[in-house]
Amino acid sequence: MSAVPAVNAAAPWPDAADRARLPTVVPEHPAVFSLRDVGVRYGRVQALNGVSLSVGCGERVALIGANGCGKSTLLRVLHGLAKPSSGCWSRDSDVRQAMLFQRPHMLRATAQHNVALGLWLHGVRWREARALALVALQRVGLDGIATQNARTLSGGQQQRVALARAWALRPDVLLLDEPTSSLDPHAKREVEALMADLAASHGQAGPAHPVTMVFSSHNLGQVKRLASRVVYLEHGCVLADLPVHDFFNGPLPDAARLFVKGEMG
Ligand SMILES: Nc1ncnc2c1ncn2[C@@H]1O[C@H](COP(=O)(O)OP(=O)(O)OP(=O)(O)O)[C@@H](O)[C@H]1O
């Protein structure tokens, strides 16, 4: 990777010319997502500003940056939950996606019911959905509490149920918004191990199509362990987009370098 042009930290809003000079990872595999100059505006807030990003099949992309830089908004755009106000975007319509949030939403029902419902909503018969839900709960080590009310589970257990719910759907793409940020260190490790396990599997498209994972995180250790590529956002703009090794070992735009230094302590 060639040297990264310095971005003046005092001017965090790069203009179009600056952005054009920033390095972008070009995925080796066919793009699952493709965004070009995408902007998202919430009233007076410009949450994303001129974001161009292409994510290939099987990539594990970490979105990092300070609070409010636009990570969740970008994930919501990728999942179709937020509509860009400008730019062009496309998604491979053949892929099946699942998204996990920082605090998973659990219905007031058993863990098994929570997982089965996701399958049933995708057309699986209820009886089969319940059986598959149990297999998914086994996979995350929670078959022992399948009949427990999901709302009474700990935060870490709820996140594992949410992972089981996602995994049961055999998604080709997994989007995760700070999935471990509200968990204690032990639960964090458990959920992170499951994320790695899921990322190493394949979706409904078959073994030739490994799962594509895009996740946001404030934990740079986790980013190093899980990601193949890092996208650093600031004020809704992509300031760095590099393979994980280059991000942590190579030159970075000033703002990204200062962020990493601050987060690493
Ligand atoms: N529904 C909304 N209405 C208005 N403003 C919003 C909405 N959602 C997000 N924003 C604003 O858009 C900007 C980007 O928010 P976003 O949640 O995408 O950032 P983030 O990087 O995920 O932050 P965090 O790390 O705190 O989760 C912020 O200024 C936020 O206040």
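Modeller: A residue is buried if 20 or more other C-beta atoms, placed from the backbone, lie within 10 Å of its own, exposed if 12 or fewer, and partly exposed in between. This is a predicted model: local features need pLDDT of at least 70, side-chain atom pairs count only at 80 or more, and totals for chains, interfaces and linings use all residues. Residues are numbered from 1 along each chain as its sequence is written.

Biologist: Why is Glu 178 called partly exposed?

Modeller: Glu 178 has 19 other C-beta atoms within 10 Å. Glu 178 sits in the loop between E6 and helix H6 (185–199). Helices (H or I, at least four residues) and strands (E, at least two) are DSSP runs, numbered from the N terminus.

Biologist: Why is H3 called roughly parallel to H5?

Modeller: The axes of helix H3 (residues 111–121) and H5 cross at roughly 30° and come within 8 Å. Angles under 35 degrees count as roughly parallel, so H3 is roughly parallel to H5. The axes are lines fitted to C-alpha atoms over the stretch in contact, and angles run from 0 to 180 degrees between N-to-C directions.

Biologist: Which residues of H3 and H5 make the contact?

Modeller: H3 gives Ala 111, Asn 114, Val 115, Gly 118 and Leu 119. H5 gives Val 161, Ala 164, Arg 165 and Ala 168. Their C-beta atoms lie within 7 Å, the cut-off for contact. By class, six are nonpolar, two polar and one charged. Gly counts as polar, Ala, Val and Leu as nonpolar, and Arg as charged.

Biologist: How do you know that Val 244 is partly exposed?

Modeller: Val 244 has 18 other C-beta atoms within 10 Å, so it too is in between. Val 244 is in helix H8 (residues 244–249).

Biologist: What does Val 244 touch beyond its neighbours within four places in sequence?

Modeller: Val 244 is in contact with Lys 224, Ala 227, Ser 228, Arg 229 and Val 230.

Definitions and conventions. Parallel < 35°, antiparallel > 145°, perpendicular 65-115°, else oblique. Contact = placed C-beta atoms within 7 Å.
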